[in-house]
Amino acid sequence: MKRMFSTAAVLLSATLALAACGGGGSGGNPLSTTSAAPSGSASASASKVIIGSANFDENTLLASIYAQALEAKGVQVEEKPGIGTREVIYDQVKSGGLTIVPEYNGNLLAFVDKATKAKTTEEVNAELKTKLPPELEVLDSSPAEDKDTLTITKDEQTKGSLNSMEDLAKVSKTWVIGAPPEFKQRWEAELKSVYGIEFKDWKATGATTADAIKDGTVQVGNVFSTDPKIAANNLVSLQDTKNLFAAQNVTPLVNKAAMNDTITTTLNAISAKLTTQSLLDMMQKIAVNKDEPATVAKEWLTSNGLG
């Protein structure tokens, strides 16, 4: 799973390869590659912030959105993109070597509390407030999420009136699912116990899952919610009405000592405007059109009155 700055929150401590996911334009687990800690100041004053990101395009995009918005408010910003794993990034924010990073709240919580059972945005954020060390805090979460989905073609959705994972249980025993190899181990039992979903067969499709759904190699697949191929391949993600997959809202993680009202207000305004659809649209420009993340970030900020 590519995302896991994002996706395999459950196995985070064992793999350090972070859900809901490797890196790349289509939004995979960003924290799968360890890299050296960033150099620079061990602390950041309120007049200057150091914004870091993981080594995948979506996180670089989000960091650029934060950076450009703060610069527009007169804040001095240094960017350190593509740093690597959550382990490195988290420790740097805690120590003050970084001031701000775009995080995914569910995977962040799983990182600091491996036993968490929190699922919804509200549950996850409530636990983060009590589990993060005193040096750190999360600001407002955005509605935008990058998380696991079960995704099908629009034709299958229409033919079977399939809108949710509950609906999928009606047909799943005759269907083949495509997913990263680890998805079966992590989720097969829970899919059955929560939704009554059982599949005829499982295929390890990895990064090609969306293509396998489109060409009919599989009927359903595990695709990350901001993968541009969902739109490009005319696919539909089924609603997770029982919150099997924990919330993965885009959420700023910050060093508390470096915050001031301007920084906090600006980042919270971004979170209020950022949606999953807008994130998907931006990733489409980066992954398909090959636009630069900074250019896409500027366009989004301008169109939302935040630039």
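Trainee: In this predicted model, which handedness does the crossing of H12 and H13 have?

Mentor: Start with the geometry. The axes of H12 and H13 come within 9 Å and cross at roughly 145 degrees. As for its hand, this crossing is right-handed.

Trainee: Which residues of H13 does H12 meet?

Mentor: H12 brings Ser278, Met282, Lys285 and Ile286 to the contact. By class, the residues of the H12 and H13 contact divide into five nonpolar, one polar and two charged. The partners in H13 are Pro293, Val296, Glu299 and Trp300.

Trainee: What span should helix H12 have, and how far apart are its end C-alpha atoms?

Mentor: H12 covers residues 276-287, twelve residues.

Trainee: Which residues of H12 are buried, and what covers them?

Mentor: The buried residues are Ser278, Leu279, Leu280, Met282, Met283 and Ile286. Ser278, Met282 and Ile286 also take part in the contact with H13.

Trainee: Is Lys229, in H10, buried, exposed or partly exposed?

Mentor: Lys229 touches Ala207, Ala210, Asp211 and Leu235, leaving aside residues up to four places away in sequence. Its relative accessible area is 29%. The cut-off for buried is under 20%, and for exposed over 50%. So Lys229 is partly exposed.

Trainee: How far is Lys229 from Thr209 in space?

Mentor: In sequence, Lys229 and Thr209 are 20 residues apart. Thr209 is found in helix H9, residues 209-215, while Lys229 lies in H10. C-alpha to C-alpha, the distance between Lys229 and Thr209 is 9.5 Å.

Trainee: What is the relative accessible area of Thr209?

Mentor: Look at its neighbours. Beyond four places in sequence, Thr209 touches Gly178, Ala179, Gly221, Asn222 and Val223. Buried needs a value under 20%. Thr209 is buried, with a relative accessible area of 2%.

Trainee: How is H4 oriented to H5, roughly parallel or oblique?

Mentor: Helix H4 (residues 105-112) and helix H5 (residues 121-131) pack with their axes 9 Å apart, at an angle of about 40 degrees. Roughly parallel would need an angle under 35 degrees. So H4 and H5 are oblique.

Trainee: Which residues of H5 meet H4?

Mentor: The crossing of H4 and H5 is left-handed. Five nonpolar, four polar and two charged residues make up the contact. H4 supplies Asn105, Gly106, Leu108, Leu109 and Val112. H5 supplies Thr121, Val124, Asn125, Glu127, Leu128 and Lys131.

Trainee: And how does H3 lie to H4, roughly perpendicular or roughly parallel?

Mentor: The axes of H3 and H4 come within 12 Å. They cross at roughly 85 degrees. The class for 65 to 115 degrees applies, so H3 and H4 are roughly perpendicular.

Trainee: Which residues of H3 meet H4?

Mentor: On the H4 side are Asn107, Leu108, Phe111 and Val112. The contact of H3 with H4 holds four nonpolar, one polar and two charged residues. From H3 come Arg86, Glu87 and Tyr90.

Trainee: Which residue follows H3, and what is its phi?

Mentor: H3 runs over residues 86-95. Its buried residues are Arg86, Val88, Ile89, Tyr90, Gln92 and Val93. After H3 comes Gly96, with a positive phi near 100 degrees.

Methods. Residues are numbered from 1 along each chain as its sequence is written. This is a predicted model: local features need pLDDT of at least 70, side-chain atom pairs count only at pLDDT 80 or more; totals for chains, interfaces and linings use all residues. Side-chain values use heavy atoms; hydrogens and water are left out. Helices (H or I, at least four residues) and strands (E, at least two) are DSSP runs, numbered from the N terminus. The expected span of a helix is 1.5 Å times one less than its number of residues. Buried means under 20% relative accessible area, exposed over 50%, partly exposed in between (1.4 Å probe, protein chains only). Contact means heavy atoms within 4.5 Å. Axes are lines fitted to C-alpha atoms, for helices over the stretch in contact, and angles run from 0 to 180 degrees between N-to-C directions. Angles under 35 degrees count as roughly parallel, over 145 as roughly antiparallel, 65 to 115 as roughly perpendicular and the rest as oblique. A crossing is left-handed if the near helix is turned anticlockwise from the far one by less than a right angle, and right-handed if clockwise. Ala, Val, Leu, Ile, Met, Phe, Trp, Tyr, Cys and Pro count as nonpolar, Asp, Glu, Lys and Arg as charged, and the others, Gly among them, as polar.
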